[in-house]
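Reader: Please take me through this one piece by piece, helices to begin with.

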Amino acid sequence: MKRKTRNLVWCILMVVVLLLSSCSNGSNATTTKNADNNVSATKTADAGNTAEAVEPATTDNAAGEVVAADLPSKDITGEVTVWAFNEKVFEEVGTAFMAEYPGIKLKTVVMPFGDLHDKLQTTIAAGSGAPDVAEVEMYQLNRYMAGNVLENLLAEPYNAGRFKDLVHPFNWERWMTPDSSQLLGMPWDMTPGVYYYRADIFEELGLPSDPTELGEYMQDEENFLNLVQILKANGKYFMEWSDGPIVWAGDEVGYFDKDMNWTRNTEKMVKVLDITKRGQQLGWAPHLGYTTDEGKQLVLKGDMVGVVSGSFGARGLQETFPELSGKWKVTRLPIGINVGMGGSSFVIPAQSKNKEAAWAYIQWSMRSENAWKIWTKHSIQPGYKDIAGLDWYANTKNEYLGGQEEFKLYEQMSTDIPTKHLTPVDNKGWEIFIAAVGDALAKNTDSKTAIQKIGDDVLKQAAKEIESFKKAMQP
C-alpha cells in the first residue's frame with residue numbers, strides 16, 4: 001500500500017513538473033546554460049583547440065593513470081539507442097566507439113534540446129519508449145529525479161562509485177539525488193563560469209590585462225567597482241547583464257539542500273546584492289546579450305568589453321566575432337563567486353533493455369582518452385581530473401584567446417565550485433527569486449531584508465511542492 005501511495009505521489013509530481021517550463025531557470029538570460037553550449041557545438045568546429053587527431057590511449061601520464069580497467073570489456077554485445085541534442089559530436093563519438101566495440105550496435109537519435117527532454121519525460125511517465133542512454137542537461141535532471149525512473153549508477157552492475165575520487169565534488173554531487181543516495185547521471189563535463197574580456201582594451205586603459213593579475217584584482221570589491229567606473233568613464237560596459245553577480249551567486253549555491261531547506265539566505269548573498277545595486281547605479285551593463293543585433297554592435301565598436309559565460313564561451317565569441325581573434329582572454333569571475341554554468345550527463349532509463357551495452361558506451365565515453373580527444377575538439381571540458389591533467393589537453397593553446405592555455409584555468413577553477421543539489425522545486429524557487437531580486441534592485445530595498453523575504457516566500461509558496469517531493473523520494 002505504501003508503494004502504491006508513493007507511486008501515486010510520483011505521478012502527480014510528474015504532471016506538475018510537465019506544466020512547468022522546460023528550462024529550470026525559466027527566463028534566466030544572465031546565466032548561460034549548457035544548452036547554448038551544446039546547441040552551438042553542432043554548428044562549429046574547434047574554437048582554437050589545437051589537439052591532434054585521435055591517437056591510441058596511453059596507460060600512464062603525469063596526472064596518474066588512465067587504466068584499461070576503467071574501460072568496458074570488448075566482449076560485450078548488444079544494441080544501444082542514444083538520444084542526444086549534440087548532433088555533430090555525438091555522431092563522431094559514436095563512430096569511434098563502434099570502431100573499438102564492434103559487438104555493440106549504436107543508434108544515435110539527435111533532436112532539439114527542448115524536444116529531447118520533453119520526450120524523455122513523456123516516455124518515462126508512460127512506462128515505455130525511452131532510449132537506453134540519454135544526454136540530460138544539468139537543469140533538466142530534476143524532471144526525472146523521483147520514482148526510480150533512472151538507473152542508480154552506484155548500484156550493481158555499474159559500481160560507478162569507484163570513479164568518485166577522479167571527479168570534482170561539485171560535478172559528482174549535482175548528478176545525485178538530494179539525499180546523496182543515488183547517482184542518476186554519470187559525471188561528464190565541467191563548465192565553470194568565467195569572464196571573457198578584451199585584453200587589448202583593458203591594456204589601453206591602463207587596467208590589469210593579464211588573466212591572473214586581473215582575476216586576483218577583481219576579487220576585491222572596491223577594486224572591481226573601481227575598474228567598472230574606469231570602463232564606464234570611457235564609454236564601455238564591463239559585461240552584458242546588469243543583474244549578473246546576484247544571479248551567479250544564487251546559481252553557485254542552488255536552491256535547496258538535501259533536507260529541502262532554502263540555501264540562498266546567506267551573508268554572501270546579501271553582500272553580492274549590495275554590490276549588484278552599486279554596479280547597476282554605475283551603469284556597468286546594457287542588459288542585453290552579445291548575440292543580439294545591438295549587442296554585436298557594442299562588441300564590435302569596443303563598447304562592451306566583457307562576456308560572462310560557461311567555459312565554452314570562447315567558441316561562441318569566435319563564431320560571432322572571428323575578426324576579433326587574438327584580442328580576447330579569459331579569467332575567473334569577480335568578488336569570490338565560483339559557479340558552474342551548465343553541464344550535461346548521460347543517464348540510463350530504468351526502461352532500458354540493453355543496460356550492459358548502455359553502460360559500456362557511457363563508461364567508454366567518460367574514461368577513454370580517445371573519446372576525450374573528440375569531446376574537447378567541441379569545447380567540452382573533461383570532468384575527470386586525470387584526463388584534464390594529460391599533456392595534450394592541459395597544454396592546448398587557444399589562438400582566439402591570444403594563445404592562452406585556457407584549459408589549465410578551467411581545471412583550477414573547477415576545484416573551487418561548491419557542491420549543490422537540484423530538485424523539481426527549483427523552477428518555482430527561480431520564479432520567486434528572480435522577480436524579487438528585480439524588485440529589490442529597482443526599489444533599492446535593503447539587501448538583507450530582501451534576501452530574507454525571498455527565502456520566507458519560497459518556503460511558504462512552494463510548501464506543497466516541497467512536501468510532495470519529500471514523499472516521492474522516500475525509500
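Author: A term we need at once: angles under 35 degrees count as roughly parallel, over 145 as roughly antiparallel, 65 to 115 as roughly perpendicular and the rest as oblique. They run from 0 to 180 degrees between N-to-C directions, along axes fitted to C-alpha atoms, for helices over the stretch in contact. This is a predicted model, where local features need pLDDT of at least 70 and side-chain atom pairs pLDDT 80 or more, while totals for chains, interfaces and linings use all residues. Numbering starts from 1 along each chain, and side-chain values use heavy atoms, without hydrogens or water.

Reader: How are H18 and H19 oriented to each other?
Author: Helices (H or I, at least four residues) and strands (E, at least two) are DSSP runs, numbered from the N terminus. H18 and H19 (residues 447–461) pack with axes 10 Å apart, at about 150°. That angle is over 145, so the pair is roughly antiparallel.

Reader: Which residues of H19 does H18 meet there?
Author: Contact here means heavy atoms within 4.5 Å. On the H18 side, Lys 428, Ile 432 and Phe 433 are among those involved. Their partners in H19 are Ala 450, Ile 454, Asp 457, Val 458 and Gln 461.

Reader: How many residues of H9 are buried?
Author: Buried means under 20% relative accessible area, exposed over 50%, partly exposed in between (1.4 Å probe, protein chains only). What covers H9's buried residues includes H10 (267–282), E7 and H18, and those buried residues include Trp 248, Asp 251 and Glu 252. H9 (residues 244–253) is largely enclosed by the rest of the structure, because the buried count is 9 of the 10.

Reader: What is the order of strands in the open sheet?
Author: Strands pair if DSSP finds at least two bridges between them. Strands E7 (306–310) and E8 (328–332) are the edges, each pairing on one side only. E6 (residues 193–198) is joined to E7 by 5 bridges, with Tyr 197 opposite Gly 306. The pairing is antiparallel, and the order is E7-E6-E8.

Reader: Which helix lies across E6 and E8?
Author: Neighbouring strands of this sheet are turned by 30° against each other on average, direction ignored. The helix in question covers residues 406–414 and runs at about 15° to E8. That one is H17.
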